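These notebook entries record what I looked up in the structure shown below. I proceed from the whole chain to single residues.

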Amino acid sequence: MSIRLGESSVVVVLRRAKLLALGLALAFVLAACGGGDHGGSSTGSGTGATAKGGQTTKDQPPAEVKVNPADDATEVMPDDVVHVQVMRGNLTDVSVTSADGGELDGSVEGQTWSSTSRMAPDTTYTVAVTAEGPEGGESTQSTTFTTHKPAVTATYGIVYDQQTVGVAMPASIQFDSQVTDKKYRQQIEKAVSVKTSPQTEGSWGWLDNRQLMWRPKEFWAPGTTVTIDAPLTGFQTGEDKWVAEDLSGSMTIGREQMTRVDIDQHTMSVSRGGKTIKTFPVSSGKPGKETETRSGMKVVIGKQREMTMDSATVGIDKGEPGYYKVDTNFNVRVTWTGEFVHSAPWSVGAQGTSNVSHGCVNVAPAGAEWFYDNSLPGDPVDFDGSSRTFLPTEGIGVWQYDYAQWTQQSALS
């Protein structure tokens, strides 16, 4: 169990040494014996007593400074606050820096400086303080402490960073492991931000415990720029799991394109600006709880020109009913659970008349190539005509919620 050090401190008091007082008394006696005509001074300009690594600029009463965490402290938690307080005198400058040059932000209230940003785990920090004594003499001091080394360093990413995406793509922060507790999700959500140009109404929400997304109320306007700031160093995501980096990212919204798949009528239509520009005969998933294509508003996740589709990846192993392994071209992914729009020359005879696939949308090679070339991650693809509903976590499922429902996905709601 870690021990928090919020109550420990070090008091560094800069005083004149007793020998200094004795020296001044002797100097007075010697000056009197010599007639007092040598220009001597009782104040002098020598260096007074100092804190670790510090010095005073004048032989004057120094400042009294209190630093928390204590000098040489270890196991300081990343979300602890660093305090520097002047008990006598005035603060001139405070810096708290790590070996790699990272510096904590802070603010001053009265005679106390307090850090306002969190610390990286498993890192040594140096606190450098410059203070002015009650009679103007300046003194400096330096202390160090080390933060807790966690069992796990939590990592995350800004999804689709620096890409041009479709109008349905949310701004996304994805953690590599679950953010296990609501209080951690709340703290993270408060720390992150989105800026858009033009200004756009939207809300943060958690699609699951790993995916934090900012969804606009309606589809993005084409040309919108989106900037995500996630300064998450020092935030906790689980039992002894702490983040050790800050990330930021951006994306640009491209042209508006909407695709609609009518599962019952075996057609796929593509529109831009409300005008249909392409229509294709298709074959979707054949009836059955494991093969029927899901209905709902999906979002293009990505594209892969060539791939081998193996049912073993979705739990149907070789030798079991429904097993398949086939090479496919022009693959546009719309769910994590294996649904694509892709070329299927073997099912051209069924396209437009019946559903024979294992869940994907089968298109003739020329049509599949056009759709592949003209699709962006983030394009909405609306499926209708199936009794099997697309679940939000099976893909980028933010549009399966209406906006009021989505705002309830916020950890702060």
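**Entry 1: the chain as a whole**

I counted 4 helices and 29 strands in the chain. Helices (H or I, at least four residues) and strands (E, at least two) are DSSP runs, numbered from the N terminus. I note that this is a predicted model, in which local features need pLDDT of at least 70 and side-chain atom pairs count only at pLDDT 80 or more, while totals for chains, interfaces and linings use all residues. Residues are numbered from 1 along each chain as its sequence is written, and side-chain values use heavy atoms, with hydrogens and water left out.

I then looked up burial: 44% of the 413 residues of the chain count as buried. Buried means under 20% relative accessible area, exposed over 50%, and partly exposed in between (1.4 Å probe, protein chains only). The accessible surface of the chain is about 20,200 Å², and carbon and sulfur atoms account for 49% of that area. Such areas come from the Shrake-Rupley method with a 1.4 Å probe; for residues, only the protein chains shown count as cover.

For contacts (heavy atoms within 4.5 Å), I considered pairs of residues at least 6 apart in sequence; 67% of these contacts join residues at least 24 apart.

**Entry 2: nonpolar cores**

Which residues touch the most other members of the largest nonpolar core? They are Ile 173, Ile 188 and Leu 232, in a core of 41 residues. A nonpolar core is a set of buried Ala, Val, Leu, Ile, Met, Phe, Trp, Tyr and Cys residues joined through side-chain atoms within 4.5 Å. Among the elements that each supply at least two residues of this core are strand S13 (171-175), helix H2 (182-191), strand S15 (202-206), strand S16 (211-216) and strand S17 (225-230). I also recorded a second, separate core of 19 residues, which includes Ala 73, Val 76, Val 82 and Ala 131. In soluble globular proteins, nonpolar side chains tend to be buried together.

I listed the contacts of Ile 173, leaving aside neighbours within four places in sequence; they include Tyr 156, Ile 158, Val 192, Trp 204, Leu 212, Ile 228 and Ala 230. Arg 210 and Gln 211 are also in contact with Ile 173.

**Entry 3: the largest pocket**

I found about 420 Å³ of space in the largest pocket. Of its 23 lining residues, Leu 104, Ser 117, Arg 118, Met 119 and Thr 233 are the closest to its centre. On a 1 Å grid over the protein atoms alone, a pocket is an open set of points where a 1.4 Å probe fits, with protein on both sides within 12 Å along at least five of seven lines; lining residues have an atom within 4 Å of a point. Grid points are joined across faces, edges and corners, and the volume is the space filled by probe spheres set on the points.

By class, I recorded 9 nonpolar, 7 polar and 7 charged residues in the lining. Here Ala, Val, Leu, Ile, Met, Phe, Trp, Tyr, Cys and Pro count as nonpolar, Asp, Glu, Lys and Arg as charged, and the others, Gly among them, as polar.

**Entry 4: backbone geometry**

Most residues other than glycine have a negative phi, and most peptide bonds are trans.

Asn 68 and Pro 69 are joined by a cis peptide bond with omega about 15°. Pro 69 lies in the loop between strand S2 (64-68) and strand S3 (73-76). A cis bond also leads from Ser 197 to Pro 198, with omega near 0°; Pro 198 lies in the loop between strand S14 (193-197) and S15.

Asp 122 has a positive phi, near 55°, and is partly exposed at 45% relative accessible area. Its loop runs between strand S7 (112-115) and strand S8 (124-132). Asp 240 likewise has phi near 55°. Asp 240 is in the loop between strand S18 (236-238) and strand S19 (241-243) and is partly exposed at 23%.

**Entry 5: single residues**

Is Thr 224 buried or exposed? Thr 224 is buried, at 0% relative accessibility, in the loop between S16 and S17. Its contacts beyond four places in sequence include Ser 197 and Pro 198, together with Thr 200 and Met 251.

Gln 408 follows helix H4 (403-407) and counts as exposed at 54%. Gln 408 and Ser 203 are 205 residues apart in sequence but 9.4 Å apart from C-alpha to C-alpha.
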